[in-house]
Amino acid sequence: MKTIILAGGRGTRLPHSAAAIPKALVPVSGRTILDRQLDTLAYHGLTDVRLALGFRADQIIAHIRASGRKNVEHVVEPEPLGTGGAARFASRGLAEPFLVLNGDTIADFDFSAIVGTHRPGTALMVSHWCDDARDFGLLDVADGAIRSFLEKPAEPCPGFINAGCYILQPDHFAGVSAPAFMLEQAIFPRLAERGLLYTVHHRGFWEDVGTEERLAAVRSREFPAV
């Protein structure tokens, strides 16, 4: 299965750590965020990767070339397209379902199980239990399906959150004419309403490293082997 990594963001919430480099190349305990993702994918046999790039794409391209990694291709969006526009732009030419991974998460996802859980014709979103979901918003989950999306709670509240890993297929973008849009707003709610958005729960290591505070917290933790 082809994997698309959304690595085109500007990293505006990492003003110090990503001041001169793209967010995907921010180091975490000796390895970049992108390398950690690629290594975990490769561990599960997912080596056919396409990077969806934008801001400072040249640095990421040079990094991949220097690393000698095979089967890692890239596309560069002509303008900021949001998560949905970037995923659709990067999926051009694909006819089969594909995996999408947010470029600012570090996790020991069991990609083999995630791919094996996917039901043909549907979409899949990996969920993760969070003891305090104020920064992420909550998922309304029942019987393995996501029924709706809830706003970020104002007070500390536990629940399932979006873990930033999905399986989509090309026809899920049908009906969206705007070039720039967000998966979280234009695609996932519509799929949930149609009963086509399922979930698998990730119970292992997971961290969002999109802010300086979260990045510092992750750097202080021990990491899984992969």
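In this predicted model, strand S8 is joined to strand S12 (residues 197-202) by 6 bridges, and the two run parallel. Within this pairing, valine 126 stands opposite valine 200 of S12. Strand S8 is also joined to strand S11 (residues 159-168), again by 6 bridges, but here the strands run antiparallel. In that pairing methionine 125 stands opposite tyrosine 166 of S11. S8 itself covers residues 123-130 and is mostly covered, with 7 of its 8 residues buried.

| Partner of S8 | Residues | Bridges | Direction |
|---|---|---|---|
| Strand S12 | residues 197-202 | 6 bridges | parallel |
| Strand S11 | residues 159-168 | 6 bridges | antiparallel |

These strands belong to a chain with 6 helices and 13 strands. Of contacts between residues at least 6 apart in sequence, 72% join residues at least 24 apart. Of the 226 residues of the chain, 50% count as buried.

The C-alpha trace spans about 45 × 40 × 30 Å along its principal axes. The radius of gyration of the chain is 17 Å, which agrees with a compact globule, because a globule of 226 residues would have a value near 17 Å.

The accessible surface of the chain comes to about 10600 Å², and carbon and sulfur atoms account for 51% of that area. The chain carries 23 positive and 26 negative charges, whose mean positions are 5 Å apart.

Key:
Residues numbered from 1 in each chain as written. Predicted model: local features only at pLDDT ≥ 70, side-chain atom pairs only at ≥ 80, totals over all residues. Heavy atoms only, no water. Helix = DSSP H or I, 4+ residues; strand = E, 2+ residues; numbered from the N terminus. Rg over C-alpha atoms; globule rule 2.2 N^0.38 Å. Buried < 20%, exposed > 50% of the residue type's maximum accessible area, 1.4 Å probe, protein only. Contact = heavy atoms within 4.5 Å. Areas by Shrake-Rupley, 256 points an atom, 1.4 Å probe, with all protein chains shown as cover. Lys, Arg positive; Asp, Glu negative; His and termini not counted. Charge placed at Lys NZ, Arg CZ, Asp CG, Glu CD. Pairing = 2+ DSSP bridges.
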